[in-house]
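Let's take a friendly walk through a protein together. Have a look at the chain below, and then we will go through it step by step.

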Amino acid sequence: MTNKEKLLNRAKEVLVGGVNSPIRALTKPEQLIAVKGQGPYIYDESLGKLVDYVLGYGPLILGHAHPDVKKAIIEALENGWLYGATSPLDIRLAEKILTHVYPGGKIRFVNSGTEATMLALRLARAYTGRNLIVKFDGCYHGAHDYLLVSAGSAAGHLGVPKSPGIPSEVSRLTLIAEYNDPGGLEEIFSKYGDHIAGVIVEPVIGNYGVIPPSKEFLLKLRKLTETYGAVLIFDEVITGFRLSLGGAQEYFGIRADLVTLGKIIGGGLPIGAVAGRREIMDLITPVGKVFNAGTFNGHPLAMAAGLATIRVLEKEGLGRAVNHARALDDIIRETLDLAGIAYAVNRIGPMMQFYLGVENVEKPSDILPQSKDLYTRIHEEMTRHGVLIAPSQLEALFTSIVHGDNEAELFHQAYNNAVRRVLKG
Ligand SMILES: Cc1ncc(COP(=O)(O)O)c(C=O)c1O
């Protein structure tokens, strides 16, 4: 038995499914046992070095083990790593993020994107005195009860729980709308508008592959929430500091009332945050009565890693990550044109996904089931050839500022080979 097999057996014995998050069990040809990350590469116990386009599911925009981030973590570590008190690091990171994301606003740091969206909903409800939340089919906002909801019999209906253990009473407080459908949203508001506390949206869906919004959809979202006095929450856990330093708000020129953040702002350490309008943020304890607390909120190492990450992005920009994604986009199109199959490549900045058998994916229901199967097999072949793309089509491919020409060439070879085998074999 190989060392990897031994580790997998031990993992399955003690960790549920051998993992701590379900997507990690999906990987074929075999589950990864990651032993190291360096630059654009992740190393698996048996597969060895793989070009990494998963990047920890988004946070590692600077690649693995970036020297500036590493240095900042070590420096912070020298001073102890938990205070239970505000430190200069919290202040600096808060100032830095607000400058880019919400000038004049305030921020509260928590420990995950899940916690951030939970707090944002609580704030929206407290601010408006209403209970209903609107979310969009195909958007993911973390693993808590209010937002693990899927569409009922049709979009616009009250949600049904997506997991056993979530009371239907809770899910019924969440209305499901269709993404990129301004008319549908208008109908929901005309029916329930006076009871809607807030609308939460991934301004670019990053959890159904990648689905960009139409400008008309985002504008309608802003207008309806304003008209009905509901709180507009942009969930920028993925898009924050990825689409631009000001995230999707800056990219599309639309201001939300609250923004949830995570991933990149912690430089690869656990983090989440809610930022936004002062009058809403000041409802949080201790200024207001909306309860939020956390032993690890504003953890010094996460603050230091996030600060170092944003400083590198300020200095070096996102250009290399975007150019690399553009190169992959070209390779994918060229390969699929040659293969003679219909496809859509959805790319926005340094995040992307491809779909097979269709020419347009503007909403989750546009994706064909066979596209997901073919994708999984392409993923499997590519992994065997040393290139790791997201293990499911419903995740995004992310690039970093340290992916370069070598990695594009490796991607080209692996993609070509995989498509040939899967589509023609
Ligand atoms: C858009 C979005 N919101 C929230 C979350 C939850 O974040 P976390 O996994 O840090 O709890 C995720 C996680 O992938 C996400 O993609």
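How many Å separate the centres of domain 1 and domain 2, taken over C-alpha atoms? The distance between the two centres is 26 Å. Keep in mind as you look that this is a predicted model. The domain assignment places residues 67-316 in domain 2, while domain 1 is made of two stretches, 3-61 and 318-424.

Now look at where these domains touch. Domain 1 brings 23 residues to the contact and domain 2 brings 25 residues. On the side of domain 1 that touches domain 2, two elements give two or more residues: strand 13 (343-348) and strand 14 (351-356). Strand 14 gives the most, with four residues. Sorted by class, this side of domain 1 has 14 nonpolar, six polar and three charged residues.

Let's step back to the whole chain for a moment. The protein chain holds 13 helices and 16 strands. Its C-alpha atoms fill a box of roughly 55 × 55 × 45 Å along the principal axes. Why does the radius of gyration agree with that of a compact globule? With 425 residues, such a globule would have a value near 22 Å, and the protein chain has 21 Å, so the two agree.

From helix 2, the residues in contact are Asp68, Val69, Ala72, Ile73, Glu75, Ala76 and Leu77, and they meet Pro300, Leu301, Ala304, Ala305, Leu307, Ala308, Thr309 and Val312 of helix 10. By class, that contact has 12 nonpolar, one polar and two charged residues.

Helix 10 also packs with helix 3 (residues 88-101), at an angle of about 40° and with the axes 9 Å apart. The crossing of helix 3 and helix 10 is left-handed. Helix 3 contributes Leu89, Asp90, Arg92, Leu93 and Lys96, while helix 10 contributes Pro300, Met303, Ala304, Gly306, Leu307 and Ile310. Here the classes are seven nonpolar, one polar and three charged residues.

Now turn to another pair, helix 11 (residues 319-339) and helix 13 (residues 405-424), which pack at about 25° with their axes 10 Å apart. Are they roughly parallel or antiparallel to each other? Angles under 35 degrees count as roughly parallel, and helix 11 and helix 13 are therefore roughly parallel. The crossing of helix 11 and helix 13 is right-handed. Among the residues that meet are Leu328, Ile331 and Ile332 in helix 11 and Phe411, Tyr415 and Val419 in helix 13. By class, the contact of helix 11 with helix 13 has 11 nonpolar, four polar and no charged residues.

Most residues other than glycine have a negative phi, and most peptide bonds are trans. Thr285 and Pro286, however, are joined by a cis peptide bond, with omega about 10°. Pro286 sits in the loop between helix 9 (278-281) and helix 10. Phe241, in turn, has a positive phi, near 60°. You will find Phe241 in the loop between strand 10 (231-235) and helix 8 (247-252).

How values were computed
Residues are numbered from 1 along each chain as its sequence is written. This is a predicted model: local features need pLDDT of at least 70, side-chain atom pairs count only at pLDDT 80 or more; totals for chains, interfaces and linings use all residues. Two residues are in contact if their C-beta atoms, placed from the backbone, lie within 7 Å. Ala, Val, Leu, Ile, Met, Phe, Trp, Tyr, Cys and Pro count as nonpolar, Asp, Glu, Lys and Arg as charged, and the others, Gly among them, as polar. Domain bounds come from an automatic or database domain assignment. The radius of gyration is taken over C-alpha atoms; the globule rule is 2.2 Å times the number of residues to the power 0.38. Axes are lines fitted to C-alpha atoms, for helices over the stretch in contact, and angles run from 0 to 180 degrees between N-to-C directions. A crossing is left-handed if the near helix is turned anticlockwise from the far one by less than a right angle, and right-handed if clockwise. Angles under 35 degrees count as roughly parallel, over 145 as roughly antiparallel, 65 to 115 as roughly perpendicular and the rest as oblique.
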